[in-house]
Structures are given as structure tokens and as C-alpha cells.
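This briefing goes through one protein structure by topic. Look at the structure first, then read the points below.

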Amino acid sequence: GYRARSAYKLKQLDEEADLFDSGDTVVDLGAAPGGWLQIAAEEVGESGTVVGVDLQRIDDFDDHDVETIRGDMTQERTRHYLREAIGERGADVVISDMAPNMTGEYSLDHARSVHLARQAFDVAEELLAPGGDFVVKVFQGEDLDAFREDVRDEFQYLRTVSPPASRDSSSEVYLVAKGLITAPVETGD
Ligand code: SAM
């Protein structure tokens, strides 16, 4: 079994968007308790690499080789550890299921969600190899369109998905962005 029902959401997203290949390096942000890590580890296989980050401790896996970092993704320190874990080769896929603690105040929860999603976007731009893919959860609201446009600019393809497995919390959507575009290096002429 999986550690979280959210595992099925990632399974669906992978089936629709073909995110993972055998041997891929995957970064999972907001990874506790580890349902997405289990799916990613299954999909990339033993030749792949999976690194998960969360504020919360993530229990070790018996059957999967997954590296975990405990930390706050809004802090540079955590991003430093993540950068070290990934190394020069870069990541093939960055996925983020990060969510703020809900206050029940809709606009505040939305704003915090977009803030976390933007942190994930920064990490994706920094760590993804050219052509890499990015999936991020974000709560719907007034700032979603601007965020979506910013992500769209950097990838070849972007879709907004509301997986059936998340129908119960109707305000969340996943942006699925494929193919990071890496600008050609300026030659100065
Ligand atoms: N995808 C996970 C799974 O399948 O098990 C479930 C993730 S849960 C919906 C959201 C997670 O985001 C929480 O575990 C929370 O601690 C984490 N989170 C929220 N803010 C964070 C931050 N600033 N840095 C790291 N993790 C964060």
C-alpha cells in the first residue's frame, strides 16, 4: 500500500503526462509522508534517483532507495542541501505537492499556496536539466493565472489538471509543465 492517498493523484498525472522514465532523477517537494516518493521510486527504478524534502520527518523506506531532507523549502539552507544532493547532472522531474497549513481564510490560504508554488518553480528552474518536467500543486484563486503564465513562459507545454482523485478538495489544481526551455547562451554579437 501507499503512505498517502495522494499517491494515486501522482499516478494519474504520470499516466496522463508521461512524467517518469526509468533512470530519472526526481525531486519531490513537500514529500511527507511519502506517497509520491513511493510512486516516483517505482517509476524510475533502481537506476533512478529520488530525493524528497519536507518540513516533517519522512520515515525510511524498506523497499526503496530514497534520499530525504528535512527542511523548509522557503529557506536557502534547505535549497543548498537539495542542490548538493542533486549535483551537476540536474533533475529530470521536479514535483511539488507542498501545501500551507490551512487557516480557513480563503484568500490567505491561496496566497500562501502560490508562494510555495513559486518556491517550487524557482527550484525547478534551477535544478531541472533542459527538457525537464515540473508538476506543482496550487490552490485556485486570483493569483493563479499570473503564476500559470510565468510557468508557461519557461516550458514547451503546460496543462492545468484537476485529477479525479482530488475531487474532494476542489480548490486545488496541478500545473503540469513539460519540457523546460533553456535559453541559448548569449554570445554577445
Ligand atoms: N505528496 C505527499 C505524499 O504523497 O505523501 C503529501 C504532501 S502533503 C499534501 C503537503 C506537505 O507539504 C506537508 O507534508 C507539509 O509539511 C509540506 N510543506 C509545506 N510547506 C513546506 C515548506 N515550506 N517546505 C517543505 N515542505 C513543506
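Helix H1 (residues 6-17) and helix H2 (residues 35-44) have axes that come within 7 Å and cross at roughly 40°. The model is a predicted one.

*The contact between H1 and H2*

- The crossing in which H1 passes H2 is right-handed.
- On the H1 side, the contact is made by Ser 6, Ala 7, Leu 10, Lys 11 and Asp 14.
- On the H2 side, Gly 35, Trp 36, Gln 38, Ile 39 and Glu 43 make the contact.
- Sorted by class, the contact of H1 with H2 has four nonpolar, three polar and three charged residues.

*Around the ligand*

- There are 22 residues around the ligand, and Ala 4, Gly 30, Gly 35, Met 73 and Asp 97 come nearest.
- At least two residues of the shell around the ligand are supplied by each of H1, H2 and strand E2 (49-54).
- The shell around the ligand divides into 12 nonpolar, six polar and four charged residues.

*The protein as a whole*

- The protein has five helices and seven strands.
- Along the sequence, these follow the pattern α-β-α-β-β-α-β-α-β-α-β-β.
- The radius of gyration of the protein is 16 Å, close to the 16 Å that the globule rule gives for 189 residues, so the protein is as compact as a globular protein of that length.
- The C-alpha trace spans about 55 × 40 × 35 Å along the principal axes of the protein.

Note on methods
Residues numbered from 1 in each chain as written. Predicted model: local features only at pLDDT ≥ 70, side-chain atom pairs only at ≥ 80, totals over all residues. Axes fitted to C-alpha atoms, helices over the stretch in contact; angles between N-to-C directions. Helix = DSSP H or I, 4+ residues; strand = E, 2+ residues; numbered from the N terminus. Left-handed = near helix turned anticlockwise from the far one by under 90°. Contact = placed C-beta atoms within 7 Å. Nonpolar A, V, L, I, M, F, W, Y, C, P; charged D, E, K, R; others polar. Near = placed C-beta within 6 Å. Rg over C-alpha atoms; globule rule 2.2 N^0.38 Å.
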